[in-house]
Amino acid sequence: MKEIFTKSMARNIYFGGSIFFVLLFLALTYDTHQALPQRDNSQAITETVALGKKLWEKNNCIGCHTLLGEGAYYAPELGNVYVRYGKSKEAIKAFIKSRPVNGIPGRRSMPQFNLTEEELEALAEFLKYSSEINTANWPPNKQG
Amino acid sequence: MQTHLKYQSQAVAKPYFYAAIGLFVLQVIFGLILGLQYVMGDFLFPHVPFNIARMVHTNLLIVWLLFGFMGAAYYLVPEESQREIHSPKLAMILFWAFLVAGVLTVAGYLLMPYARLAEITGNDILPTMGREFLEQPTITKMGIVVVALGFLYNIGMTILSGRKTVINVILLTGLIGLAVMFLFSFYNPDNLVKDKYYWWWVVHLWVEGVWELILGSILAFVLIKTTGVDREVVDKWLYIIVAMALITGIIGTGHHYYWIGTPEYWQWLGSVFSALEPIPFFLMTLFAFNMVNRRKREHPNKATVLWAMGTGVMAFLGAGVWGFMHTLAPVNYYTHGTQITAAHGHMAFYGAYAMIVLTIISYAMPHLRGQGNAACNRAQVVEMWSFWLMTVAMVFITLFLTAAGILQVWLQRFDEGQPFMVVQDQLAIFYWMREAAGVVFIIGLILYLISFVVKDKNQATA
């Protein structure tokens with residue numbers, strides 16, 4: 001780098017640039033918050049949905065599955081599982097309930113979490129709520 | 001034993017580096033378990049289900065890198081500040097606190113169902129668990145904050161009362177940023193979109209933000225020491241690299257806001273800015289090669305120079321090129337949440353952060369172990385073999401996962417698509433090859449460990 005470009009110029013780009021983009025990011029965050037209620041399906045968040053999210057976290061579902069594409073890639077996407085299962089909460093509950101305790105020989109298998117009926121209902125409600133968030137048409141198809 | 005340290009308190013870096021290496025070994029072992037579970041689904045089931053092993057794998061990565069960063073700070077800050085560490089005793093207390101907390105947390109993951117761990121650690125009082133990479137019990141998170149604050153106090157006091165160099169200032173800003181952004185891990189609203197929005201403030205603004213400051217300053221320190229190039233030149237490079245990192249990386253967060261319920265202008269912002277994110281990494285590569293080409297001395301530690309140049313190249317490939325591959329919104333629409341992401345994650349973390357920690361360890365260890373400026377030739381040769389084995393293995397892990405990812409996208413994401421598990425079965429060949437590359441990686445890692453005990457022939461007989 002030539003002498004025309006001095007160290008203090010480099011420093012000013014660093015401090016000036018970072019501060020500018022931090023402020024811009026905060027402004028965009030504010031704007032995003034204003035726009036969220038039209039997209040985030042927050043009106044559907046009931047106590048049951050909130051309980052479902054707690055259960056989702058408490059059993060570390062994200063350790064195998066993705067949710068809106070984020071998580072682990074070992075098991076299917078669940079952001080749209082409600083749609084994939086024909087908008088049936090019963091089908092979701094039945095799947096979770098039916099997992100064999102000792103797995104399936106040679107295959108991947110979801111653990112048996114021994115959830116109560118109330119907990120199953122809450123998880124299914126949470127997955128229904130997730131599927132109704134406006135995700136700009138992601139995923140591309142129902143396979144997730 | 002005669003130490004070769006300019007400042008005696010630099011010695012506290014040693015246990016940090018050993019802890020980092022130990023946890024790195026464990027991380028890789030769990031990586032191999034996970035790789036096997038991809039193709040032998042019932043391996044270790046139900047005792048160590050995939051999600052538990054993955055949590056151990058990723059959390060160990062974060063913890064060993066943090067040990068590495070802290071060790072790096074304790075090693076380089078005294079030399080930069082030209083004074084002893086404010087409190088070496090505090091550094092040692094925090095070391096044990098962090099190690100015990102880390103080990104207990106991982107033991108908790110492995111010894112009981114995760115839900116039980118959540119219960120006994122009082123997750124209901126302040127639920128923060130069960131989100132990717134932030135699975136630690138809330139009390140562990142609080143412990144991390146305490147350790148981080150103590151560490152920042154210790155390093156901050158040292159820097160503020162000593163010589164202030166560009167390296168010091170940027171390292172300190174990076175470390176403060178690391179601690180501040182981690183606080184967002186305590187915000188976990190019921191609203192999934194907001195939860196995800198701020199989750200990225202920890203994850204993205206760490207690895208594509210403030211961690212790059214830490215990476216840049218460690219790299220600059222090692223290059224000054226090994227090449228003898230003027231500080232003026234290095235400082236200018238460092239400022240520009242970290243400036244580009246933040247200018248592109250902050251709004252670049254938008255590449256995570258395409259499909260999670262956030263407004264669609266993020267598709268434009270995220271695409272444009274994250275497409276520029278390779279720039280700081282490319283500059284790092286140029287920086288490393290330029291400094292080495294213009295070197296004013298031949299440093300006897302050849303292994304360190306290799307690690308430093310390797311960091312530049314691999315960070316650019318893993319974070320830069322593999323990141324760019326799937327960062328544009330129209331591409332990401334198809335690749336989001338597939339093995340493509342896993343491929344990028346592996347090479348980026350190894351190339352940028354694992355390698356920079358191994359670089360500073362390679363530079364500092366001979367001093368810390370009283371060997372002088374460099375380990376003996378034979379030890380360096382073994383270390384360089386380990387460099388090549390691990391690095392080439394990681395390139396292949398990345399290539400196989402990329403191949404798996406492309407096939408997955410093709411089979412699963414276009415038209416009607418095939419179901420997830422049907423597709424996974426068709427990817428098995430790539431997963432097997434990835435596992436084979438993983439075995440090569442751990443052989444490299446074993447060689448790396450061996451390099452610490454290798455002695456020169458005449459030395460061994462003496």
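This is a predicted model: local features need pLDDT of at least 70, side-chain atom pairs count only at pLDDT 80 or more; totals for chains, interfaces and linings use all residues.
The contact between the two chains draws 58 residues from chain B and 60 residues from chain A. On the side of chain B that touches chain A, at least two residues each come from helix H2 (50-81), helix H4 (114-120), helix H7 (192-227), helix H8 (231-252), helix H12 (329-335), H13 and helix H14 (377-413) of chain B. Of these elements, H8(B) gives the most to that side, with 11 residues. By class, the side of chain B that touches chain A comprises 31 nonpolar, 14 polar and 13 charged residues.

Within chain B, helix H13 (residues 339-368) packs against helix H11 (residues 302-325), and the axes of the two come within 8 Å and cross at roughly 160°. Because angles over 145 degrees count as roughly antiparallel, H11(B) and H13(B) are therefore roughly antiparallel to each other. The crossing in which H11(B) passes H13(B) is left-handed, and the residues of this contact divide into 17 nonpolar, nine polar and no charged.

H13(B) also meets H7(B), where the axes come within 10 Å and cross at roughly 30°; here too the crossing is left-handed. From H7(B), the contact is made by B:Trp211, B:Leu215, B:Ile218, B:Leu219, B:Val222 and B:Lys225, whereas H13(B) contributes B:Ala352, B:Tyr353, B:Ile356, B:Thr359, B:Ile360 and B:Tyr363. The contact of H7(B) with H13(B) thus has 10 nonpolar residues, one polar residue and one charged residue.

Helix H5 of chain B, which covers residues 138-160, has 23 residues and reaches 32 Å from its first C-alpha to its last, close to the 33 Å expected at 1.5 Å a residue. Its buried residues are B:Thr138, B:Thr140, B:Lys141, B:Ile144, B:Val147, B:Ala148, B:Phe151, B:Asn154, B:Ile155, B:Thr158 and B:Ile159. An α-helix has 3.6 residues a turn, so residues three or four places apart point the same way. The cover over the buried residues of H5(B) includes H2, helix H3 (88-111) and helix H6 (166-182) of chain B.

In chain A, helix H5 (residues 117-131) has 15 residues and reaches 21 Å between its first and last C-alpha, close to the 21 Å expected at 1.5 Å a residue. Among the buried residues of H5(A) are A:Leu120, A:Leu123, A:Phe126, A:Leu127 and A:Tyr129, together with A:Glu125 and A:Lys128. What covers the buried residues of H5(A) includes helix H2 (47-58), strand E1 (66-67), helix H3 (81-84) and helix H4 (89-97) of chain A, as well as H7 of chain B.

Terms used:
Residues are numbered from 1 along each chain as its sequence is written. Chains are lettered from A and ligands numbered from 1 in the order in which they are written. Axes are lines fitted to C-alpha atoms, for helices over the stretch in contact, and angles run from 0 to 180 degrees between N-to-C directions. Helices (H or I, at least four residues) and strands (E, at least two) are DSSP runs, numbered from the N terminus. Angles under 35 degrees count as roughly parallel, over 145 as roughly antiparallel, 65 to 115 as roughly perpendicular and the rest as oblique. A crossing is left-handed if the near helix is turned anticlockwise from the far one by less than a right angle, and right-handed if clockwise. Two residues are in contact if their C-beta atoms, placed from the backbone, lie within 7 Å. The expected span of a helix is 1.5 Å times one less than its number of residues. A residue is buried if 20 or more other C-beta atoms lie within 10 Å of its own, exposed if 12 or fewer, and partly exposed in between; C-beta atoms are placed from the backbone.
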